[in-house]
Amino acid sequence: MTGLRSAASLAASIQSGDTSAADALAASQAAIAARDDEVRAFLHLTDERAAEQAAAVDAAVTAGETVGPLAGVPIALKDNMCTRGAPTTCSSKILEGWHPPYDATVVERLEAAGAVVVGKTNLDEFAMGSSTENSAYGATRNPLDTTRVPGGSSGGSAAAVAAEYVPLSLGSDTGGSIRQPASLCGVVGVKPTYGAVSRYGLIAFASSLDQIGPFAHTVGDAAICFDVISGHDPLDATSIPEALTPTVPTLDDGVEGLRIGIVSELMGEGIDADVLRRTEEAAEALAAAGATVDTVSVPATIYGLAAYYLIAPAEASSNLARYDGVRYGQRVDGANVATMNTNTRSAGFGDEVKRRIMLGTYALSSGYYDAYYGKAQRVRTLISDEFAAAYENFDLLLSPTSPSTAFELGAKSDPMALYMCDVCTIPSNLAGHPSISVPFGTGDDGLPVGVQVLAPMLQEPLMFRAAQALETAAGGLA
Amino acid sequence: MSDSANGTGADMSAVPEGWEMVIGLEVHVELATNTKLFCGCANQFGDEPNTNICPVCLGLPGSLPVVNAQAVEYAMTLGRALGCSVEPGIFARKNYFYPDMPKDYQISQYEEPTNENGSIRLPDGRVIGIERAHIEEDTGKSTHLGGGGRIHDATATLVDYNRAGVPLVEVVSRPDMHDAEAARLYVSELRDILLATGVSDARMEEGSMRVDANVSVRPTGSDELRTRCEIKNINSLRSLGRAINYEARRHVDLWTNGEAPRQETRHWDEDGGRTTSGRSKEDAEDYRYFACPDLPPLSPSDADIAAIDAAMPALPAARRAALAEAVGVEPAAVMLAVERGLDGLALDAIAAGADGATVLKHVDQNLHEGAGALTADGLAALVTMESDGALSATQVKTVLAEMVASGGDPASIAGSMGFEAMDTGELDGLLDQLIVDNPDEWGRFVEGDRKVQGFFVGQIMKATQGKADGKVVNQLMTQRAQG
Amino acid sequence: MSGEISRDEVAHVASLARLRLTDDELTTFTDQLCVVLETAAQLNALDLDDVEPMAQPYPLSNVLRPDVVVESLDRDEVLSQAPAAEDGRFRVPPALGEAP
């Protein structure tokens with residue numbers, strides 16, 4: 001049968017009857033069984049649900065019915081997306097044993113398109129981290145070098161694709177949590193426009209920043225998946241109501257005539273030399289493909305990290321209040337309800353989550369709101385305005401995705417050192433713009449480097465075109 | 001409402017000479033929507049516990065709120081009915097832990113409420129300012145086990161989330177009220193507005209209208225605002241008056257003794273007739289308000305507001321003014337008629353030629369249960385027969401009851417009941433006989449003792465089985481005595 | 001902003017967030033939060049007086065749903081996920097006082 005690297009060809013061979021969804025599922029499960037004790041990408045497998053869905057797809061194919069673009073494609077979900085009747089933990093002890101009574105909108109859309117959900121992947125607890133080491137259920141390892149981290153927080157979903165367990169997976173990206181692990185694992189990762197993909201059923205970290213997006217081996221597969229999961233959802237009031245332009249039809253339109261700007265503030269201090277070199281080569285490749293490439297300054301991006309580490313914890317402190325031991329998840333009892341809340345939360349949350357809850361509580365507290373949260377929200381406007389100015393002269397922007405290639409497990413024990421991993425990815429979240437990480441060669445250590453294409457609001461079609469051009473160029477790299 | 005004019009006596013309400021009460025009210029009103037504020041669960045009082053719940057109103061991880069269009073429309077309708085300006089509204093999160101609040105934050109409008117700066121004109125003409133009327137979600141309901149239901153002695157708490165997420169508007173008055181009666185009239189008026197607009201069923205006993213009173217006192221003539229206490233758990237208009245008076249007197253006593261009240265929430269104890277200390281406001285929580293990132297702002301257009309205004313039904317104050325003018329009395333005199341929703345009937349009957357005062361008398365005294373099958377034309381015809389002396393007061397009452405029960409016109413009903421006006425000659429004969437039989441009494445009447453007049457009227461009524469018109473008998477007696 | 005947070009402030013914030021910290025944790029968290037807040041202090045360099053705050057990246061308004069009843073969840077399924085339930089309701093230890 002067709003391998004598990006390409007969703008598009010797998011779906012085509014299932015649709016044509018060359019192979020079956022059941023066989024594809026079995027192949028995926030075999031790949032996981034063979035190696036996931038070592039990689040630990042998955043927290044739980046959803047075998048029963050997967051078998052039912054695969055059987056339904058196969059029955060539809062046999063009956064000659066029209067099946068969706070992801071018919072029979074095994075897919076992994078980050079374990080912060082609700083799946084009815086199956087565990088959804090956010091890699092936290094506090095949600096251990098919880099089986100949501102509903103499905104996230106993306107899960108419904110994937111299954112409607114024929115995808116087969118094989119399991120739930122590991123993440124940094126509540127998506128707070130950049131290495132997938134902050135999981136209550138142990139760290140995930142980078143399949144390309146298991147002494148290294150896969151990045152995070154969607155490290156399990158990145159690793160599941162990189163290890164070829166599944167051709168597609170979903171992650172969530174609040175400050176780089178899809179793009180950075182994609183970069184470290186050598187796969188494609190997409191952070192869509194804020195509001196393009198429904199957040200209903202995505203367990204909130206920072207509501208004004210969170211977006212769900214796909215991981216894939218190819219830009220084309222990522223585009224197919226994006227087109228499936230995006231679009232208006234009445235259950236999410238921040239979902240964009242206008243119809244979105246599909247990205248697949250224009251994928252191969254090339255970059256001829258596009259103006260692409262390299263963000264100078266993201267090309268300096270703190271970024272490893274090999275990463276910078278690959279980013280410059282990517283720019284050259286785009287120029288060779290017919291784009292006009294120049295550098296552009298977006299000065300406020302250097303304040304992105306500071307603003308992000310106020311806004312995201314502030315929203316998280318409120319979003320995570322509900323884990324109080326009353327309605328679901330774990331409880332550590334106490335003599336009265338307040339003590340029970342405190343016992344439950346103190347035992348149920350890991351240190352990074354506690355750190356961010358306290359930081360966010362402080363940033364919102366009376367007397368500090370204006371100085372911290374209020375000011376950070378103004379910085380968002382500033383960054384957004386400066387991007388808008390840059391996009392008057394450029395169609396797309398380019399930068400590294402991660403300051404470095406995959407680092408060793410345990411290498412970054414200081415929180416601030418980990419926070420620096422997101423310096424290039426955070427500005428897109430703050431502005432709500434889409435961006436994509438595309439593998440572009442390797443670093444001095446032989447590990448993958450990703451470059452990031454940034455686009456204005458809702459310009460995913462253009463972004464995927466440039467990403468496709470980079471993917472083509474990367475195929476010829478030394 | 002019917003108990004607005006009685007209840008706590010004026011003597012009980014007064015704080016001692018030299019002191020003035022300062023009262024502001026916060027009224028939570030449950031909106032009469034089909035569904036909750038942020039999800040499609042039924043907004044239904046009295047259902048089995050936890051049967052109207054979903055991921056959103058349970059605050060399950062991953063769920064998101066979406067605002068109910070009808071709740072916003074009701075909130076704006078109430079705002080316009082209260083004379084507020086309708087402004088762009090932003091939903092904020094008020095963060096605090098409590099088990100009946102599923103997300104451990106309440107979504108409420110904070111700095112930018114939908115409605116600002118309105119007022120309520122009381123039937124007696126006083127105007128009470130309204131600071132804001134904002135939209136927020138209700139909490140679930142806690143039941144405290146053990147300790148006789150008292151929260152401090154409870155052994156466990158059970159939580160039902162059917163009410164969690166029910167849409168509320170909180171109407172916040174300015175501290176413009178200075179006696180308990182004003183507070184009672186204010187709440188009564190607000191309730192009438194809610195019922196007239198259909199925004200809420202406004203049942204205090206079911207909790208769909210909940211009143212918290214902020215009470216302080218100050219020396220008369222001063223404009224200072226002293227420490228106030230917020231009184232909760234007020235379940236009726238009668239309690240409202242009692243609680244305010246109790247609390248105001250408590251403050252006066254403290255100040256008089258050289259002490260000061262503590263700023264706190266207090267609970268009205270209906271059985272004990274007193275307020276008891278609750279949570280101190282000094283250790284108030286830091287609610288960490290911020291705009292809810294899941295909810296885009298509301299920004300009603302001028303056209304939206306104009307549509308609300310165009311659909312606005314006649315409000316109690318305007319209805320009172322109209323009826324009062326038609327009858328020729330002060331608006332306060334027609335409160336009952338408007339509360340009963342019988343002002344339209346009364347106006348139509350008056351327009352059809354009936355005497356206003358008589359129409360109002362029947363509406364107030366004889367239509368406690370509503371108008372039933374009674375039509376305005378029928379009422380007008382009946383009142384005209386009464387004014388012409390064609391029927392006695394007792395007969396009118398009987399005919400009216402039949403018209404309420406089954407409709408019909410008064411002349412034929414009176415006819416079928418055998419009610420016909422007695423002719424004066426028949427009454428003259430009866431009176432002659434009575435004078436002969438009761439010479440002493442008649443003598444006293446002639447000398448000016450009007451007390452015996454009732455004796456004669458009563459005897460004639462008895463003899464005619466109520467068919468005689470008392471007014472006509474009086475006239476005959478007076479003529480005879482003078483003659 | 002000072003860029004720093006005191007040990008007492010961290011303790012207060014932890015209690016607002018219903019978290020209990022040991023003395024060692026309090027020390028560690030205070031140091032770590034100071035570092036993050038020092039980074040946040042970079043924002044002091046910016047003149048933001050004329051810049052509006054951005055609450056949401058994609059400007060929407062009046063996102064409303066029709067007032068139509070949707071089927072509720074099954075109570076037994078929901079209560080089966082609760083740490084404790086009784087009599088069709090969620091059971092918790094006694095509350096110490098009224099809600100604010």
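**Entry 1: contact between chains A and C**

I began with the contact between chain C and chain A, to which chain C brings 45 residues and chain A brings 58 residues. I note that the model is a predicted one.

I then looked up which elements of chain C supply its side of this contact. At least two residues each come from α1 (7–16), α2 (23–40), α3 (75–80) and β3 (89–92) of chain C. Of the side of chain C that touches chain A, α2(C) gives the most, namely 7 residues. By residue class, I recorded 34 nonpolar, 5 polar and 6 charged residues on that side of chain C.

**Entry 2: the sheet of chain A**

I traced an open sheet of 11 strands in chain A, with mixed pairing and the order β1-β3-β2-β4-β6-β5-β10-β11-β9-β7-β8. Because β1 (42–45) and β8 (292–296) of chain A stand at the edges with a single partner strand each, one side of each has no neighbour in the sheet. From one strand to the next, I noted an average twist of 30°.

I examined one pair within the sheet: β9 (residues 396–400) and β11 (residues 448–454) of chain A are antiparallel and share 4 bridges. Here A:Leu398 is placed opposite A:Val453 of β11(A).

**Entry 3: helices packed on the sheet**

I looked up helix α7 (residues 219–229) of chain A, which packs on the sheet and touches β4 (168–173), β5 (188–191), β6 (211–216) and β10 (435–442) of chain A. The direction of α7 makes about 150° with that of β6(A).

Helix α15 (residues 460–474) of chain A also packs on the sheet, where I found it touching β7 (259–263), β9, β10 and β11 of chain A. The direction of α15 makes about 5° with that of β10(A).

Notes. Residues are numbered from 1 along each chain as its sequence is written. Chains are lettered from A and ligands numbered from 1 in the order in which they are written. This is a predicted model: local features need pLDDT of at least 70, side-chain atom pairs count only at pLDDT 80 or more; totals for chains, interfaces and linings use all residues. Two strands pair if DSSP finds at least two bridges between them. Axes are lines fitted to C-alpha atoms, for helices over the stretch in contact, and angles run from 0 to 180 degrees between N-to-C directions. Two residues are in contact if their C-beta atoms, placed from the backbone, lie within 7 Å. Ala, Val, Leu, Ile, Met, Phe, Trp, Tyr, Cys and Pro count as nonpolar, Asp, Glu, Lys and Arg as charged, and the others, Gly among them, as polar.
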